Amino acid sequence: IIVQLDPESFVWYERRGQVLVDANRFADALKDFEKAESLTPANYKSVGLLANKGLAHEGLYMWRDALEDYNQAIAIGGSIGNKYPYVLNSRGNVYAALGEWGRARDDYLASATIFQESRILSSAIFAQGNAALMLTQLGDDTNALRELKAAARRGPASIDFRAAIAALEWNQGERERAASVWRDACVNIRSGQIRSNGPNYDSCGDFADKDWLLKIRRWPPRLTTLMDNFLQELAAEEREKIAS
């Protein structure tokens, strides 16, 4: 209704676009963002619009377009002395989707540092965990485990970090310890949350879904495969114990 009453104001198109992103109506959101941009002065750029436009492009798997949106938002913020850790974390997600694991890790680490400095601790821990996950694709499981365990200590309700730890330890032959970590996560925690105040998931069931891990949670492919192997082999061992 407001858009109809004031159709020449870019603000309302931008805000409606934000709502559409939250509703996962990404194509419709992009139409509103593009309309908002067409109505703004030539020398004006909205960081919020660019960030939300990036999310819409991500939702449509348009990674290069999302990357351009986030690059612009971060550059504008830097030009006025502002830092946007949420945008850095989002750009990290895009780099990961593009297979640029080192750049993704750099963005996650930068995001974690800013969140930590701002005392937004739950988001700092989540970004720290994301950075650790990138190491698994880079072949550095030793440091990935070290960082994931540090993140897990700081986020005691996180199932995500413990699931990754279990998959990595199982792959290293530490089967009893991996199974124990997994049981603790699924039975003793099972909060349904990856991070504090984050969305709720049926966590243990979701980690058995490779498509969810890759496309929604954004785990690297190698770790996703390790998780799949771990769960299949763990289930086979449990069946053998029951049979015997």
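E147 and R105 form a salt bridge in which the closest N and O atoms are 2.9 Å apart, a salt bridge being a side-chain nitrogen of Lys or Arg within 4 Å of a carboxyl oxygen of Asp or Glu. The structure is a predicted model, in which local features need pLDDT of at least 70 and side-chain atom pairs count only at pLDDT 80 or more, whereas totals for chains, interfaces and linings use all residues. Residues are numbered from 1 along each chain as its sequence is written, and side-chain values use heavy atoms, with hydrogens and water left out.

Helices (H or I, at least four residues) are DSSP runs, numbered from the N terminus. Both E147 and R105 are buried; here buried means under 20% relative accessible area, exposed over 50%, and partly exposed in between (1.4 Å probe, protein chains only).

Side chains of opposite charge can pair when their charged atoms come close. Over the whole structure, 17 salt bridges are found. One of them joins the side chains of R64 and E100, at 3.8 Å from N to O. This pair also links distant parts of the chain: R64 belongs to helix α5 (residues 63–79), while E100 is in the loop between α6 and α7 (101–117), 36 residues apart. With a relative accessible area of 53%, R64 is exposed. A salt bridge is also formed by the side chains of R177 and E174, with an N to O distance of 3.8 Å. R177 has a relative accessible area of 43% and is partly exposed; E174, at 35%, likewise counts as partly exposed. R177 and E174 belong to a network of salt bridges that also links K149 and E169.

The structure holds 1 disulfide, defined as a pair of cysteine sulfur atoms within 2.5 Å. The disulfide is formed by C186 and C204, whose sulfur atoms are 2.1 Å apart. The torsion about the S-S bond is about -125 degrees, so the disulfide is left-handed. C186 lies in helix α11 (residues 175–189) and C204 in helix α12 (residues 203–206), so the bond ties together parts that are 18 residues apart in sequence. Both cysteines, C186 and C204, are buried.

A pair of aromatic rings is described by the distance of the centres and the angle of the planes. Rings of Phe, Tyr and Trp (its six-membered ring) pair if their centres lie within 6.5 Å; planes under 30 degrees apart count as stacked, over 60 as edge-to-face and the rest as tilted. By this rule there are 6 aromatic pairs. In one of them, the ring centres of W170 and F230 are 5.2 Å apart and the planes stand at 65 degrees, so the pair is edge-to-face. W170 is in helix α10 (residues 159–171) and F230 in helix α14 (residues 221–243), so the pair ties together parts that are 60 residues apart in sequence. W170 is buried at 4% relative accessibility, and F230 is buried at 0%. The rings of F207 and W212 have centres 5.4 Å apart and planes at 85 degrees, so this pair is edge-to-face as well. F207 has a relative accessible area of 2% and is buried, as is W212 at 9%. Ring pairs also bring W182 into a cluster with W170 and F230.

Rolling a probe the size of a water molecule over the atoms shows where empty space is left. On a 1 Å grid over the protein atoms alone, a pocket is an open set of points where a 1.4 Å probe fits, with protein on both sides within 12 Å along at least five of seven lines; lining residues have an atom within 4 Å of a point. The second largest pocket has a volume of about 200 Å³, the volume being the space filled by probe spheres set on the points, which are joined across faces, edges and corners. This pocket is lined by 13 residues, of which A96, A97, L214, K215 and R218 are the closest to its centre. Two or more lining residues come from each of α6 (85–97) and α13 (210–217), and α6 provides the largest share, 3 residues. By class, the lining has 9 nonpolar residues (Ala, Val, Leu, Ile, Met, Phe, Trp, Tyr, Cys and Pro), 2 charged residues (Asp, Glu, Lys and Arg) and 2 polar residues (the others, Gly among them).
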